[in-house]
Every structure is written in structure tokens, then in C-alpha cells.
Amino acid sequence: KVADLTGLPDGVPEHFQSQGIEELYPPQAEAVEAGITDGESIVASIPTASGKTFIAELAMLSSVARGGKALYIVPLRALASEKKEEFEEFEQYGVSIGVSTGNYDSDGDWLATKDIIVATSEKVDSLVRNGAKWVDDLSCVVADEVHLVNDAHRGPTLEVTLAKLRRVNPNLQTVALSATVGNADEMADWLDATLVDSSWRPIDLRKGVLYGQALHFDDGTQQELARGKQKETAALVEDTLGDEGSSLVFVNSRRNAEAAAKRLADVTKNHLTDEERSKLREVADEIRDVSDTETSDDLANAVEKGSAFHHAGLASEHRSIVEDVFRDRLVKVISATPTLAAGVNTPSRRVIVRDWRRYDGDVGGMQPLDVLEIHQMFGRAGRPGLDPYGEAVLIAKSHEELQELFDQYVWADPEAVHSKLAAEPALRTHILATVASGFAGTEDELLDFLERTLYATQTDETGRLETVTQRVLDYLERNGFLERDDRLRATGLGHRVSQLYLDPMSAAEIIDGLRAAEDDPTALGLYHLVSRTPDMYQLYLRSGDRERYTEIAYEREPEFLGHMPSEFEDHAFEDWLSALKTARLLEDWASELDEDRITERYAIGPGDIRGKVDTAEWLLNAAERLASELQRSDEESLPSATTTAVREARKRVQYGVEEELLDLAGVRNVGRKRARRLYAAGIESRADLREADKSVVLGALRGRRKTTETILENVGRKDPSLDDVEADAEAKATAT
Ligand code: ADP
């Protein structure tokens, strides 16, 4: 019983009870028996939505009650704010919460005063590298979605971060929350934790496969689905609606998610009350207000009819609107890519996995998804307290496939997770950081540290880690990041690279490029330089792009920093062109091209523009710091014009404007479009803005009084009020 829990801050058990949590779920009870409230380490491998967060809360709150400090590591930034909001409920019991996202290289010292800190694994890694002092004070760490150690991109960071935190404090309580995986026992071994392994769910889950008209369930029952001419997905959604239930549809690409949402809107629109319709119209307006792009419009049109899509290309504001209206049951169906299954809390009566194959660029062609991933989608079915049960359905195209899907996904156990640490790109960055932040001073100490990772627990390939480690050390030494005699030492440059959170290979590329820069590098040259580093996800070349960008490459060859590979070096040349396409996007953005035109030209979503812009800003900032580091340490110093050019290119990409607007665009609430309008009205700088005739400013800002006053205030004008500006002056200004 919750009432029997001890060791929590005063008022917390009563708080849980007021939330309707009276009795512990069985896996929660197991965790308590294993000592979760007494500082014991636990690996909890239990299904989605079975109360994992509650287990984490017990660990963190009891730790704080003993005077400690807890860290909750999330896999995605979007989850950081969701968790923070959840934990803020405990502030009334004297527990303070801090969330750390944002820039990679700040030390986050302000977090020292917080009891519970929420951050992504990359952020924690970066804080450790930058020597955040409070890391020494941690008494409890929670790793959410720890099965992601299996992920080649993000897994190694989580693994190394946990190893470092446990090294700093050998008594650290470690709580790892995982989806049901094949080898949770190995993770428990690695973390010296007790395993709580359970398939218990608070709400029944029926799993099934639809073939033709018949829905076959794992309990042996069948349901006849009235379909008529309807497609499978539409029929399933309609059927759920007949029962007042909502559906989540998983598809394999963004484009498919958008198309499905549009089609399913024709189903949901017939199931809305007048009240719902009018509320949805308001939500649609809100969506259009976020940005005036085609994606925004498509989303608003679907939402008006009770259907929505959700994928990583959406602006984050759009994503949270969609999640909210779905939880409020206004939107009846979301068509989503699998990112939604891993992320936020959006349970639904029925989950429909329409696509269980996905295009895989590495292997080529369509590949079936992992059982683990499909089961996570399944896990989103059933809202406790709202639905009598959840239902998860796959769709078969043939009779053989019906059996296949049962074997492959419905009955199958999830795969084991495997560490991806022993890959060179991962070790390159983590070995440098491990040495630079003082976790290893010799090769033996380094290997000893790496022995604490999951990789070392799992591998039976003796010597592989040593071999890769040697190769990586050679690389780091060759590029001037490390010095090696009987000890290992990071150079000034190496320390910089580690603190900037750069892949050492990105740093090497940038340094070579900057050294090759002769006089004044152009913005495109710099954008290309950062776009060809492994830290930038480049845009793909689509059909026709090879010719298009080859032509541009020759036209603008003098601007590139470094040597363009020849067309015969197939792979290298292709990479060069992908980087060029990415650089052109950044150039378009910095030349004030409309967002809408950019999304069209590159066939990407508005969220993608943001992503590229943020990465470019970070990499250019890093380039600027590397340039000053080189100037400090090098005999052959870089021309100062290079540093200036890097700074300017970074600012232009940050604000998305031409050089002449940099001053204005930096004023809060101004932004790229308003800066251009002000400039056109003769207001060319902050100084102008402070002096200008208010009616002119108002006119340039399209008569928006409130906005104008805010901007005048932000630029430091003494009397920002527009009370002295007459309505007719305003009208005149607007007319001109
Ligand atoms: P997970 O983190 O496993 O996805 P959550 O911890 O978010 O799942 O729990 C899902 C829901 O179940 C939440 O709304 C939570 O308040 C509720 N819940 C958790 N534990 C209990 C319990 N013992 N009794 C009743 N409800 C609970």
C-alpha cells in the first residue's frame, strides 16, 4: 500500500493517494521489496505505461529525503520538459526541480541548488566534460529507456555517461528503466542492480492481425470487420470510433504519415459533435499561427476534421498541440512515425501498425522492424481508467503473412540489446573526453574504465576493445588532440574539442578547413565546411540532385575550404555534394528566403530547417573557438579575417538574415521578417530604432501596436508607449 511507504518526503504518500494511486502495481511492489526506497539499484524491465515513472519517483524522492540529489536521464529533449512538469508536482513538498537542455558547453552550475535534475544523456555527458561540480553530489541516477544502449548513434553516450557517474560515486543508486527486452539480466549485471522483470500490465492488451475482413486475436477469438470498400486502416479506425475510442496509426515515413492523416480525416469528420467541431477549428487556427508553411496548413486541415499526423519533421509547438488535443480526445486518430512510440505519453484505445517494414539506407531496401520496436508501439494501446482494454493490430496482405506476423511479432519475444560502444566513431569522442576530463591518465586506466561499460560485460571477443582503442589513440595523437608517453594527456586543443562536444573527426575537418582558408572565406564555404563533418546530418541527394549539385560545385569551387574530391572518387564526391546541398539550404536561410520556399525546394519539414540551423550554429560557434585556440597555440596563426568571417556566418545562420540586418535581427521579438521590413522603412540599426519616428516603426510593423511597443521597449527606448501616436498617423504609415 502507498500508505505504508516510508522514507519519502512528508506529504508525498498522501499526494500519491490523492492522485488515485492507493496500491502499488506488482512490479512496483517488487521494486520496493528490492529496496528502491533504501538506495538500492534496480533494473526495471516492464511494459510501457506500467508505472515505471512511479518507480523512478520513489527512488529519487527517498534519496532526496535522505539529503541526496537525483538525476533523471531522458533519451529525447521533448521528454525532458514532460518529465520536469510531472516532477514539479513535488515542489510543494520542498523538492526543487531543474531541467537542463539547450547549449552543449555550459557548465550548468545553477543546477547545483536543485534536488532533482532532468537532462538528456548528451547534456549530462557535456556537463561532466565541462566539470560541473554538482555531479560529485549525486546520490541517485535514473536512466529512462535504457534499452537505447542498443542504438548505434545515442547508445554509447548513455553507456559511458552511466559508467562515469558510477565511477565518481561508487555508491550511486542506479535505476534503469527499460522496455521489455531479451537480456535485461545482462543490464542488471552490468549495473550491479537487482532485476525487476515483469510483463504485467495495468490494462489488458489484446494483440491481433487483420486479414481481409477478419481480425484475429491472440486469445483465439475473431472479429468480423465491416469494411465495404474501405481500406484496412480506415475500417479499423472507423470501427474503434463506433466504440468511442481513439486510434494511433504507425507508418514508416513522414510522407506516409501526412497522407494517412489526410485520408483518415474523411473518416473522423463524420464522428464529431458540433462542440468538438468548433473547438477543433480553434486548434486549427492555433496551428496555422505557429508558422505559415504547407505542413502547418496540411496539419490544420486534418485537425479541423479530427485527424492529425506526428513526426520528427514537425515544429515542436505543432507536436505538443497534437499530443494535447489527442489526450483531450478531440483528435480521434494520429498517424505517426515510430518516434512517437518511443517518446511521449499518448496512449490510445487501438494501435494500428500499418507498416512493419521500413526503408533502410545502410542495408538497402525495406527491412522488417525489430520486435522490440513493434512491441513499444503495441504498448501505447489502452488508456488506464478510460479504456476497458487496449488493442494492437497489425495488417496482413496475404494469408501467409497472417501467420508470419503472428510468429514474427505477436508471439515473438523482443530481441536482446547489444552495446554499440566498440565502434570507432563512438570511441573517438568518448576516449578523448574520458582522458580530457581526468577519468583516465594512462592506457591501463583507460582500459580499466572501459571495462565498466556494458560492452565489456557483453563481449566475448577478447582484444577487440584494445584494438579499437589503440587505433583511436593513434588517430587522436596524430591530429594533435592527445599526447602519449607513459601517460595520456589531452592537449589544449583536445580539451577544447571535448568541451565543445565535437566529434574529434569534425574538429579535425574544421581545423584543416580553417587552415586552408586563404583570405576571406565566404559564408557558403564555411557552411559547406561544417556540413561535411560527421556531426551534421546531411540532406540526401534525390533524383536529379547529383547533376544539379555537381554543376553548382564546379561553379563555386573556389569558395570551398579544402580540396574537392574528384568525380571518380564516387563515395567522397557524393558526400561532398550532400554537404553542398545542406550548405545551400543554410545559405538560402541566411539569404532570407521564406521558410515555405525552403521546405519546398529541399522537400523537408520546417522542423528540419530548425534542426540544420541549430546544428550549423553550434558547429560554427565551435569553429570560432577552435580558431582562437589555434591562434593561441600555433606558430602559423590564422588571419583574423577568418575568425571574423566565421562569426558573421554563424550570426547570419542564427538569425536567418543578410549581413546588413544582423544588428536589428538580434533585438528580441524582431526576427528575420520584421527586421527586413524595418530596414525597408529606413530603420537600419538599433540606434535608428531608438531614434525613429514611432509612427514609421508602427507602419513597418504593420500597425501592430502591442508588438511595436514591446520591440521599442526591448531596444531600450526610453518611452516605448504609442499613446502619443495618433490613429491617423498609423493609418498613413500603413498606407505608405
Ligand atoms: P510508464 O512510465 O511505465 O510508461 P507511467 O509511470 O507513466 O508509466 O504510468 C502510467 C500511468 O499509470 C500514470 O498515469 C500513473 O499515474 C498511473 N499509475 C502508476 N502507478 C500506479 C498505481 N500504482 N496505481 C494507479 N495508477 C498508477
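**Reading a ligand shell and helix pairs**

Biologist: Which helix gives the largest share of the shell around the ligand?

Modeller: Helix α3 (residues 52-65) does, with three residues. Helices are DSSP runs of H or I, at least four residues long, numbered from the N terminus. This is a predicted model, where local features need pLDDT of at least 70, side-chain atom pairs need 80 or more, and totals for chains, interfaces and linings use all residues. Residues are numbered from 1 along each chain as its sequence is written, and side-chain values use heavy atoms, without hydrogens and water.

Biologist: How many residues surround the ligand, and which are the closest?

Modeller: The ligand is surrounded by 13 residues. The closest are Glu-23, Gln-28, Ala-49, Lys-52 and Thr-53. To be near, a residue needs a heavy atom within 4 Å. By type, five of the shell residues are nonpolar, six polar and two charged. Here Gly counts as polar, while Ala is nonpolar and Glu and Lys are charged.

Biologist: How do I read two packed helices?

Modeller: Use the angle between their axes and the distance between the axes. Axes are lines fitted to C-alpha atoms over the stretch in contact, and angles run from 0 to 180 degrees between N-to-C directions. Take α3 and helix α4 (residues 77-87): about 60 degrees, axes 12 Å apart. That makes α3 oblique to α4. The crossing of α3 past α4 is right-handed.

Biologist: At what angle do α5 and α6 pack?

Modeller: Helix α5 (residues 121-129) and helix α6 (residues 155-168) pack at about 45 degrees, axes 9 Å apart. So α5 is oblique to α6. Their crossing is left-handed: the near helix is turned anticlockwise from the far one by less than a right angle, whereas clockwise is right-handed.

Key. Helices (H or I, at least four residues) and strands (E, at least two) are DSSP runs, numbered from the N terminus. Angles under 35 degrees count as roughly parallel, over 145 as roughly antiparallel, 65 to 115 as roughly perpendicular and the rest as oblique.
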